[in-house]
Amino acid sequence: MLSQRDFAQLLDGPAAEREIERLAKKRGGWLDVAQILSRRINGTVDWESLGPAGSRFSVIGSRGEAVLFDDRLHPANIIKLRGREENGYGTAGFGCILVRNPRGMIDYGPGTMEQAVERERLSWEHLGFGCTVESLIGEGVGMLLAQRFIAGTTPTDAEIRDWMLRNGWEPLREHREVVVTLRDHAWQRDGIGAFDANDTNFIKSSADGQLYPIDLIVWPMPD
């Protein structure tokens, strides 16, 4: 486990500042993205000073559930920082899981740290690829997940669909219990859901031509 201060010192502060400034200069909705990135980093470390240039973790960007970093100690990995809702992670929490919403439909809900770990276990079991836990931060403040970097290109929707079907997954496009906005990229197999299976969450490897699911929401289908 890392303390918040220790984690702060592992972050390349100048790189983080450059990325936040770059996003803010784009204005419009990008200003919100910059503010969220700042909250995700600085809220997690409780506004401790970040490390110098060249520190281990250099920010790449921020996406739905995580901040992404290069790992200078282990260059073959991508590091994902997840954290508490109040630190800029919104309704994702430590990572979305599948729940029943107030209308009784299958929807996303915020996951706890423990559920984020279980989600990665399910991803390895059912998709054959996922993250491992690199470290926990503070007392339930944040967590670092490590995922092998896959060099490649973005697959087409048809390639993703073929991959899912070949691996025994059933599409939920016509499943009326699933929230409409999630149906096009939702699948199930043996009581497990694999949601958000779109082209931003798969990589087609340049090395072997295979598809790798890098950030699907894998969770038991709610009763």
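A: Helix 2 (residues 13-25) packs against helix 3 (residues 30-44) at an angle of about 160°, and their axes are 7 Å apart. Helix 2 is therefore roughly antiparallel to helix 3, a label for angles over 145 degrees. Axes are lines fitted to C-alpha atoms, for helices over the stretch in contact, and angles run from 0 to 180 degrees between N-to-C directions. Helices (H or I, at least four residues) and strands (E, at least two) are DSSP runs, numbered from the N terminus. The model is predicted: local features need pLDDT of at least 70, side-chain atom pairs count only at pLDDT 80 or more, and totals for chains, interfaces and linings use all residues. Residues are numbered from 1 along each chain as its sequence is written, and side-chain values use heavy atoms, without hydrogens and water.

Helix 2 contributes Ala 16, Glu 19, Ile 20, Leu 23 and Ala 24 to the contact (heavy atoms within 4.5 Å). From helix 3 come Trp 30, Leu 31, Val 33, Ala 34, Leu 37, Ser 38 and Ile 41.

The open sheet has five strands in the order 1-2-3-7-6, with antiparallel pairing (at least two DSSP bridges between two strands). Strand 1 and strand 6 (132-137) are at the edges with a single partner strand each, so one side of each has no neighbour in the sheet. The twist averages 30° from one strand to the next. Five bridges join strand 6 to strand 7 (residues 142-148), with Leu 136 opposite Met 143 of strand 7. Helix 4 (residues 113-127) lies across strand 3 (77-83), strand 6 and strand 7, at about 15° to strand 7.

Notes. Angles under 35 degrees count as roughly parallel, over 145 as roughly antiparallel, 65 to 115 as roughly perpendicular and the rest as oblique.
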